[in-house]
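The following exercises concern a predicted model.

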Amino acid sequence: MTELFDFPKVNYVGGNKGLDFLSTKGYNFYNPDEEFTINGETKPMKDWLKFSVAYWHTMDQRLVDPFGEGTAVRPWDVEGVDDMEDMDHALAKVDYLFEFMDKLGLEYFAFHDRDLAPQGNTLAETNANLDKVVDKIEQKMKETGKKLLWNTSSLFTDKRFLAGGATTPFADVFAYSAAQIKHSLEIAKRLGSQSYVFWGGREGYESLLNTDTKRELDHIAAFFKMARDYAKEIGYTGQLLLEPKPKEPTDHQYDTDVQTTISFLQTYGLEKDFKLNIEGNHAYLAGHKYEHEARFAREAGLLGSLDANMGDKQTGWDIDEFPNDIYESTLVMYEFILNGGLPNGGLNFDAKVRRASFKPEDLFYAHMAGMDTYAAGFRVAMKMYEDGFLENIKRDRYASFDGGIFADFENGKGSLKTFEDYILNKTNDEIFDKVKSQHLEAIKATLNNYIYSVLGSTFK
């Protein structure tokens, strides 16, 4: 069988093959079959991390920016262009996707419904086009054993969604959105999607002057409840996920960040039905660090999946860059480990190559680099977890609450009178004597030492 990509199959080579990533064409840190144990459960790295190809960036992204046309050169192009209106072209791209995953050793992928096939003049025609591509995807999944990490619906691209899909003020558009989600959930069930993501690309407002925010929030909550109920009706057992983002393209998105989204879920009684898909670049846009968003989702029991990307902290744009920051990946993977992994989620590369990286081989290098970045972070985080490094620091920091009236307080028995009796006659010096230095610089230096030690050993 003729290969579609002129790129070798990528394997784990370790750091002993040299520093030049272009020449080694292998993974330094991602060893898919190496086993790790978290909370007594032992699995190979590939089953913990579950890396996923994002169809919209890898297969459809043309590397357009606001100032210029696309630069992407792709082997599936017809006469140099990606003809998204051609069904034969849409079907052909499926073959490229599965060979791409096979060569990288990737087992998962993700897509929006509108990534796969051209729209028709009616939803019925659109669904028919989509189903033809899904037929082929289903067959390829059976042949290869590849899995669908999650799918979703694009309720933001077409002009009908200019004011949102579930929060639109136009009833016909709302009905279209509901019907589109229905079919998308049916595809999730059919393909065994491990999760289903709702990303509200235009679910927000441009101006408060013409927006009934309470009514729109009521509408989208009811929309999610209908989706939840239909998923149960058809027997879809995957995890439903919401994906926070603060702005862009709207002035304000209703799911601004993790804590806002948690509040929304609790307000409408949806916290038992939905978890969160957290994205690195979206965390930046919200003014947070990626590990911040992962931490608050985890502590709420709502960390469902991760979009592994990053952005430029100076631009303020959602640039969806492939991850390369091992410091960040280590801290995100630490939250991942404390979460016990992601049973129905994984690490989806919602990322695109840079505009100057326009050749097909750059798609391989980008995914390889992203996989190595998170595999490296996972290795460092596992070592810190096994050593109890950060947990011991936190345990020591709050140790004064572990005895006496403070232990009673931790168990819900405290009162203002109790604390007044304890503290009333203590001097300022006596109180400050109990305050300990945080040694934060030393903690950060030790984190650096973990990175150097764990990853440096790979290159010996």
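**Exercise 1.** Determine whether Asp-320 is buried or exposed, and describe its backbone.

*Solution.* Step 1: the relative accessible area of Asp-320 is 8%, so this residue is buried (buried means under 20% relative accessible area, exposed over 50%, partly exposed in between, with a 1.4 Å probe and protein chains only). Step 2: Asp-320 belongs to the loop between β11 (303-307) and α12 (326-338); helices (H or I, at least four residues) and strands (E, at least two) are DSSP runs, numbered from the N terminus. Step 3: although Asp-320 is not a glycine, its phi is positive, at about 50°. Most residues other than glycine have a negative phi, and most peptide bonds are trans.

Residues are numbered from 1 along each chain as its sequence is written, and side-chain values use heavy atoms, with hydrogens and water left out. In this predicted model, local features need pLDDT of at least 70 and side-chain atom pairs count only at pLDDT 80 or more, whereas totals for chains, interfaces and linings use all residues.

**Exercise 2.** Characterise the peptide bond that joins Glu-248 and Pro-249, together with its surroundings.

*Solution.* Step 1: the bond between Glu-248 and Pro-249 is cis, with omega about 20°. Step 2: Pro-249 lies in the loop between β8 (239-242) and β9 (252-253), and Glu-248 is placed in the loop between β8 and β9 as well. Step 3: Glu-248 has a positive phi near 65° and is a residue other than glycine. Step 4: the relative accessibility of Glu-248 is 30%, and therefore Glu-248 counts as partly exposed.

**Exercise 3.** Explain why strand β5 is described as largely enclosed, and identify the strands with which β5 pairs.

*Solution.* Step 2: β5 pairs with strand β4 (residues 108-112) in the parallel sense over 5 bridges; two strands pair if DSSP finds at least two bridges between them. His-112 stands opposite Thr-152 in β5. Step 3: β5 also pairs in the parallel sense with strand β6 (residues 195-198), over 2 bridges. Here Asn-151 stands opposite Tyr-196 in β6. Step 4: from β5 the chain passes through helix α7 (residues 171-191) to β6, a β-α-β crossover that is right-handed (with the strands pointing away from the viewer, the path from the first strand over the helix to the second runs clockwise).

**Exercise 4.** Which residues does Ile-220 touch, and is Ile-220 buried or exposed?

*Solution.* Step 1: Ile-220 is located in helix α8 (residues 213-234). Step 2: its relative accessibility is 8%, so Ile-220 counts as buried. Step 3: leaving aside residues up to four places away in sequence, Ile-220 touches Ala-166, Thr-167, Glu-203 and Phe-264 (contact means heavy atoms within 4.5 Å). Step 4: Ala-166 is 54 residues from Ile-220 along the chain, yet their C-alpha atoms are separated by 5.2 Å.

**Exercise 5.** Describe the position and contacts of Gly-370.

*Solution.* Step 1: Gly-370 is found in helix α13 (residues 360-387). Step 2: at 0% relative accessibility, this glycine counts as buried. Step 3: Gly-370 touches Pro-323 and Phe-349, residues up to four places away in sequence not being counted. Step 4: the C-alpha atoms of Gly-370 and Ser-329 are 9.8 Å apart, while the two residues are 41 apart in sequence.
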